[in-house]
Amino acid sequence: MIRRFGEPIVHERTYRRRPGAYAVLMRDGALLVTHQAEPTPEFQLPGGGIDPGESPVRALHREVYEETGWSIATPRRIGTYRRFVYMPEYDLWAEKLCMIYVARPVLRLGPPTEAGHSAIWMEPGVALEQLANSGDRHFLAQALAGL
């Protein structure tokens, strides 16, 4: 069974499954996160939805680049969790299936290409307090314990 974080399931609602890949990105003792300005300003692990026909690792590379401007190497999956949320940008209720990886940020290729996102380097302890969702915080804590 895949662990659930966040809001409880509302059984009267229809949820659409949205698989995604997200990364814990450490370099020189700092964590690379993304700040998403809208719909609600928040800090997140970089990553996002897996497009039809796309592998999770390919999606991870694409999403990290779009949200941070960085290329990554050596992704290693450390776990998966679910959360049930409303996604206003798509006007849908989603069951997000979040695959979490640890990877190494290699090279900054430029600014984020996804509108409303900023790449932020943060102390890991601060990130544990600032990341917007409890699933991201849980897997960051696991990754830090394994380093």
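**Salt bridges, cores and backbone of a predicted model**

Reader: Which helix holds both E66 and R62, 4 residues apart?

Author: E66 and R62 are separated by about one turn of the helix, where helices (H or I, at least four residues) and strands (E, at least two) are DSSP runs numbered from the N terminus. This is a predicted model, in which local features need pLDDT of at least 70 and side-chain atom pairs count only at pLDDT 80 or more, while totals for chains, interfaces and linings use all residues. Residues are numbered from 1 along each chain as its sequence is written, and side-chain values use heavy atoms, with hydrogens and water left out. The helix that holds both residues is α1.

Reader: How many residues apart are D51 and R62, which the salt bridge links?

Author: The closest N and O atoms of D51 and R62 lie 3.5 Å apart. This pair links distant parts of the chain, with D51 in the loop between β4 (47-49) and α1 (56-68), and R62 in α1. Their separation in residues is 11.

Reader: Is E54, the salt-bridge partner of R62, buried or exposed?

Author: E54 and R62 meet through their side chains at 2.8 Å, N to O. With a 1.4 Å probe and protein chains only, buried means under 20% relative accessible area, exposed over 50%, and partly exposed in between. R62 has 16% and is therefore buried, whereas D51, at 39%, is partly exposed. The relative accessibility of E54 is 17%, so E54 counts as buried.

Reader: Which residues touch the most other members of the largest nonpolar core?

Author: A nonpolar core is a set of buried Ala, Val, Leu, Ile, Met, Phe, Trp, Tyr and Cys residues joined through side-chain atoms within 4.5 Å. The largest one has 17 residues. The elements that give two or more residues to this core are β1 (16-27), β2 (30-36), β6 and α3 (134-146). The members that touch the most others are V24, L31, L45, Y81, I100 and L140.

Reader: What is the radius of gyration of the protein?

Author: The radius is taken over C-alpha atoms, and the globule rule is 2.2 Å times the number of residues to the power 0.38. For 147 residues, a compact globule would be near 15 Å, and the value for the protein agrees. That value is 14 Å.

Reader: Where does D91, with its positive phi, lie?

Author: D28, in the loop between β1 and β2, has a phi near 50 degrees although it is not a glycine, and is exposed at 79% relative accessible area. D91 also has a positive phi of about 50 degrees and, at 58% relative accessibility, counts as exposed. D91 is placed in the loop between β5 (70-87) and β6.

Reader: What pattern does the protein follow along the sequence?

Author: The secondary structure comes to 3 helices and 7 strands. Read along the sequence, these give β-β-β-β-α-β-β-β-α-α.

Conventions: Salt bridge = Lys/Arg side-chain N within 4 Å of Asp/Glu carboxyl O.
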